[in-house]
Structure formats: C-alpha cells, structure tokens
Amino acid sequence: MNPTYRTVRKRLRAVRKAKGLTLKQASILADIGVVTLGSWERGDRKPTLENILYLCNRYNISIELLLRPEEPIQMLMKMYHKQLNRKA
C-alpha cells in the first residue's frame with residue numbers, strides 16, 4: 001500500500017474519532033455508505049482524491065490534515081482543535 005494512502009487511512013479514522021463520531025454517524029454526515037467509509041479507514045479500498053476532498057469538506061477540515069506526511073497525527077489533531085477554536 002502506498003504510504004500516502006496508509007497515512008490518509010489512519011487520519012480518516014483519527015479525525016472521525018476526534019469528532020466523537022461512530023462510523024455510522026460519520027457515514028451519515030458524509031453521505032457515504034458505512035461499508036465504503038469503513039473500507040477506506042481499514043485500507044481495504046482507496047478513496048480517490050475527489051473522495052478525500054469531499055470528506056474534508058464534510059468534516060470541515062483542511063486537506064493538509066489528511067495528506068501532510070511529515071506531521072504526526074497528534075500534531076495534526078492539535079491543529080484541528082485550533083481551527084475549531086478560531087471558528088467558534
């Protein structure tokens with residue numbers, strides 16, 4: 001598996017959990033099938049760039065949060081929380 005997809009897969013799950021969403025809740029929010037979203041998070045299937053952009057829009061996060069390879073997930077989650085605080 002391409003390292004970028006591995007990173008995206010892990011971060012998709014991390015963002016969903018940071019938002020306090022179950023897989024079913026996230027699939028409803030994103031208007032994507034629960035099986036499809038779950039398969040992206042597990043790495044069974046690869047989301048297209050269009051899918052990734054769509055999810056970022058639905059999760060209200062920047063694409064950098066999912067695609068920036070050099071940042072650890074914890075650092076990205078801090079960035080995400082800062083984004084939320086600025087919008088509030």
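A residue is buried when its relative accessible area is under 20%, exposed when it is over 50%, and partly exposed in between. Keep those cut-offs in mind for this predicted model. The mean pLDDT of the protein is 82. A pLDDT of 70 or more is reached by 77% of the residues.

**Confidence**
- Helix H3 (residues 34-42) has the highest confidence, at a mean of 95.
- Helix H6 (residues 73-87) has the lowest, at a mean of 66.
- Where pLDDT is low, predicted coordinates should not be read in detail.

- Helix H2 spans residues 23-30, and its buried residues are Ala26, Ser27 and Ala30.
- Looking down the axis of H2, these buried residues fall within an arc of 100 degrees, so they line one face of the helix.
- An α-helix has 3.6 residues a turn, so residues three or four places apart point the same way.
- Lys24 and Ile28 are exposed, on the face of H2 turned away from its buried side.

- Asp31 is not a glycine, yet its phi is positive, at about 55 degrees.
- Asp31 counts as exposed because its relative accessibility is 62%.
- Asn60 sits in the loop between helix H4 (49-59) and helix H5 (63-67).
- Asn60 is also a residue other than glycine, and its positive phi is near 60 degrees.
- Asn60 has a relative accessible area of 40%, so it is partly exposed.

Conventions:
Residues numbered from 1 in each chain as written. Predicted model: local features only at pLDDT ≥ 70, side-chain atom pairs only at ≥ 80, totals over all residues. Heavy atoms only, no water. Buried < 20%, exposed > 50% of the residue type's maximum accessible area, 1.4 Å probe, protein only. Helix = DSSP H or I, 4+ residues; strand = E, 2+ residues; numbered from the N terminus. Arc of directions from axis to C-beta. pLDDT = per-residue confidence, 0-100.
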